[in-house]
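Dear colleague,

Please read the text with the structure open beside you.

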Amino acid sequence: MITKKLGYLASTAIVATMAFSGSAFAQSGGDEIIVTATKRETTLQATPVAVSVTGEETIEKARILDLNDLQSIVPSLRVNQLQSSQNTNFVIRGFGNGANNAGIEPSVGVFIDGVYRSRSAARIGDLPKLSRIEVLRGPQSTLFGKNASAGVVSIVTAKPSFDGEGYVEAGYGNYNNITGKAYVSNALSDNVAFSLGGGFNLRDGYVESAVGLDELNDRNRYNIRGQLLVEPSDSTSIRIIADYSTASENCCAVTNYQNEGAFAAISALGGQVADANDPFALVAYQNFDAVNELDDWGTSLHIDHDFGAVALTSITSYRNNKSFFDTDADYGTLDLLASVYSDSDIDTFTQELRLASTGSNTVDWMVGGYYFTEDVQQDAGLRYGSDLANYLDLLAGGPGTLATFEGLYGFAPGSFFSDTTRMNEMFTQDNTAWSAFGTVDFHVSDRLTLTGGLNYTNDSKSTSGITDNNDAFSNLDLTNQLTVFGAPLPTVLFGQAFTANTGLAPTPTNIAFIESVAPGTSAAIQAGVNAGILGLEGLQFQPQFLAFPNAVESAETDDDKLTWNVRAAYEVSDNINVYASASTGFKSSSWNLSRDSRPFASDAGALAAAGLLPNNYVPATGRNFGTRFAGPEEATVYELGLKAKFSRGAFNVAIFDQTIEGFQSNTFLGTGFVLANAGEQSTKGIELDATYTPVDPLTLTFAATFLDPIYDSFVGGPGPNGTVADLSGEKPAGIPTTSLSTSATYTHDFDNGMTGFVRGDWQYESEVQSNEAISTLTGAEDAFRTVSTVNAATGLTLENGFSVQLWARNLFNDEYITTVFPGVAQAGIINGYRNAPRTYGVNVRKEW
């Protein structure tokens, strides 16, 4: 059992570390790493929380351009790139969601200089001078005011300098990758300094188009960021930050991991899709170029004032994010879907205010408040393609099948699934949240500190959704609606099948006669008819949408929660700290702002009584009912940790048992997303990280995460082929049992003042299933992921500040899937996204 393995590793790690507590341990040399994980500046080793810190030097040497690259050196962090450039999913310790839906905020909060980014694009290239990146593992709701139930990624940039400094940098890599960055900072007066930086990242796509279109997965990004630092006195600091970034890209390429089922119909019509026998081929089959446009800007005001015994911090921010994407979501050369697009506009305002004690006290404290308001507007939709009707004809039974049903219901020929069929959606969400929090550190002795914290959060959302849908076939109630014969479809089809099988008219007398001769014939015919109707219902992709709010559905949620944290930290010696903690986290309800939003079955009776149900909603069977929103997530974690430092390194270990009740699962099942609360998901695990310098020029690092995740309860989970399954007791997809990261960096100082370095790092993830919804399909073994990726870099820096760097990411061209999903309206086809191939290049830089 892996749980026993984790226990064994934990005890072994602690014993091994304790063994160093004697003469081998001395005061660690070198610079201390400063972190603000607890919203106070402390050293990394003295911070009693599970946090990974990546500094500026590592970011530059490892060629980490965005948060997707960061996961190569932080094994507890996983970043998934999804349907478009702006859709990114962050996961810490196996917990995380968001992306692909403007109504679903992430469980992992991303903060840049203390400002919450509610919709995170996976890149840090727009931050020209970083100080560090802190990855806080486990619930952080006590100190971070919004949606941090799984963890926090906190990015800290450098403040402007009063001493003139700056750099210019240019780079070139394969796939015609051209990059440029520049940064300058200096004093404007004795108490005013500024910084200004910007850059661009341009690259051809690394995926070829099979039909002669542009390459996919390119880069076309620009950014600029400015800061003004005003220090009118020794006790006051005012920092103003403004930034703007833009991107316009052809993303994201899709490959195939299984071609069965609907693949036969696609081939019969002359269509092509990616070769499932070679899923890592860098070839895509979309029949038009995807559009991904992103404009993001914001400004923030940071005020710090020291009153003496109390320090005040205020952070005010406003941000606007506009994004648009349009893609060929059938991912083949047939024109099944002519367009699937989304156009969103998000305005966010935040205000945080904190008061904290200063100096050395028996009791240190912090109190604060946080206010958040956000306005989301999203217009989205889809249009059917010119080949869809012929494709569905084959799936329904053969050419002419749809025309038969058009006649049965009195529609003109060509009405069903024509290329004039479209669905336009309009959604809004107004979100207001506020929280009050406080922490107390009681220093019982010089070595023992007890900490307690509370956070009360109230989060209210008001939403609306309406669509314009002219899909005539999806609006039919195939079971109950009358046909042109004045009878419902099951009756008509039974009569036709009865005549075809017996040669007799379907009169009561003839039916009774056949039953007397061959009992069960009528039931068998009816069963065949019902199965055929069920298959036809599977083609009703876009039923009429029930707009909200309405007389039954308020389209509002109002959540509140008191979260807490308790911790005991003990300094065993000057070099060894241990801690034990328990904490809770909270994430508010998430709304399904998409065409897949459906009324709850519990509202069916009231909606029917009010006459609000569209034609094809069937309360008796639950057809076309689902979820409007997923309720709050509530996290609990129990953790034991040890942090140790010695003369040539440091060693940290954390053992945890983390549970999220009501985990918000958003899974694509082939024709739509299912947003649902998992009853309970838990993960037990151990995290290790170590740094060792055997000789002064050489630094070795090692980090490992061992996880034992499980759905303790998930009755309404996604099943294969669009079904609903009971996943209780199953392992969640996408969470590797073992994640490792190790690196070696060798530096050398030459006699002429030149310095050089060589660095390599390795990332490993054990085999893991990528998606619960495809786990039982034939060929599902192709949808498992194993990661073993090596990155490398080397560089020289001259005494005059000029430097050159050679770098390679995914040096040995490791190939794996990042995530998979059922083919869009193509049962039997599995699509997915693969990782980036080997990239390499050279950078030159001049610093002053």
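**A strand pair, a sheet and a surface patch**

Glutamate 134 stands opposite serine 154, which lies in β9. Please keep in mind throughout that this is a predicted model.

The two strands to look at here are β8, covering residues 130-137, and β9, covering residues 151-157, and they pair with each other in the antiparallel sense over seven bridges. Both strands belong to an open sheet of five strands, whose order is β3-β8-β9-β6-β7 and whose pairing is mixed. At the edges of this sheet are β3 (51-55) and β7 (115-117), each of which pairs on one side only. From one strand to the next, the twist averages 20°.

Elsewhere, you can turn to the surface, where a nonpolar patch is formed by Tyr172, Ile178, Phe200, Tyr222, Phe750, Leu796, Leu798, Phe802, Val804, Leu806, Val842 and Val844, which together have about 930 Å² of accessible area.

Phenylalanine 200 is placed in strand β12, which runs over residues 192-203. Is phenylalanine 200 buried, partly exposed or exposed? Its relative accessibility is 32%, so phenylalanine 200 counts as partly exposed, given that this class lies between the limits of under 20% for buried and over 50% for exposed.

Note on methods
Residues are numbered from 1 along each chain as its sequence is written. This is a predicted model: local features need pLDDT of at least 70, side-chain atom pairs count only at pLDDT 80 or more; totals for chains, interfaces and linings use all residues. Side-chain values use heavy atoms; hydrogens and water are left out. Patches are made of residues with over 30% relative accessible area and no salt bridge: like charges are joined within 9 Å, nonpolar side chains (Val, Leu, Ile, Met, Phe, Trp, Tyr) within 5 Å. Accessible areas come from the Shrake-Rupley method with a 1.4 Å probe; for residues, only the protein chains shown count as cover. A salt bridge is a side-chain nitrogen of Lys or Arg within 4 Å of a carboxyl oxygen of Asp or Glu. Helices (H or I, at least four residues) and strands (E, at least two) are DSSP runs, numbered from the N terminus. Buried means under 20% relative accessible area, exposed over 50%, partly exposed in between (1.4 Å probe, protein chains only). Two strands pair if DSSP finds at least two bridges between them. Axes are lines fitted to C-alpha atoms, for helices over the stretch in contact, and angles run from 0 to 180 degrees between N-to-C directions.
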